[in-house]
Amino acid sequence: MLKEEPETVFKRLFWQENVQHFDPAPARSQCTCSREKVGGMLKMLGREEVDSVIEERGSVEVHCEFCNQRYDFDPVDVAQLFVAKELSQGVSRASDQRH
Ligand SMILES: [Zn+2]
């Protein structure tokens, strides 16, 4: 009954392993980018840098290379980004003064 040559068995096992490798739909790694993260990146760039882009193009467009998602920040969005930053700094300074 079991007259298969070792080589045949090996090939069959190998083939099965390949099937296991290729059969499941490839899990697409989802990009973890978000508007919040892009906003944080713009904050890192600094207001002057972002403002100069706003002046030049009217808005800041960030294009994610991984998932092709586009994030547009108009002057209002940018202003909110940096206002929020200044507010949080102001709060921390105020609490420092209390001590
Ligand atoms: Zn992305």
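These legends accompany close-up views of a predicted model.

**View 1. Overall fold of the protein.** The secondary structure comes to 4 helices and 2 strands. From the N terminus on, the order of elements is α-α-α-β-β-α. Of the 99 residues in the protein, 7% are buried. Take the contacts between residues at least 6 apart in sequence: 56% of them join residues at least 24 apart.

**View 2. The buried face of helix 2.** Helix 2 covers residues 35-45. Its buried residues are Val38, Gly39 and Leu42. Viewed down the helix axis, these buried residues fall within an arc of 100°, so they line one face of helix 2. An α-helix has 3.6 residues a turn, so residues three or four places apart point the same way.

**View 3. The opposite face and the end of helix 2.** Glu36 and Met44 are exposed. Both sit on the face of helix 2 turned away from its buried side. Just after helix 2 comes Gly46, with a positive phi of about 105°.

**View 4. The largest nonpolar core.** This core has 6 residues. Val38 and Leu42 belong to it, and both are buried residues of helix 2. Val50, Val60, Phe73 and Val78 complete the set.

**View 5. Contacts of Phe73.** Residues up to four places away in sequence are not counted here. Phe73 then touches Leu42, Ser59, Val60 and Val78.

Key
Residues numbered from 1 in each chain as written. Predicted model: local features only at pLDDT ≥ 70, side-chain atom pairs only at ≥ 80, totals over all residues. Buried ≥ 20, exposed ≤ 12 C-beta atoms within 10 Å, placed from the backbone. Arc of directions from axis to C-beta. Contact = placed C-beta atoms within 7 Å. Core = buried A, V, L, I, M, F, W, Y, C linked by C-beta atoms within 7 Å.
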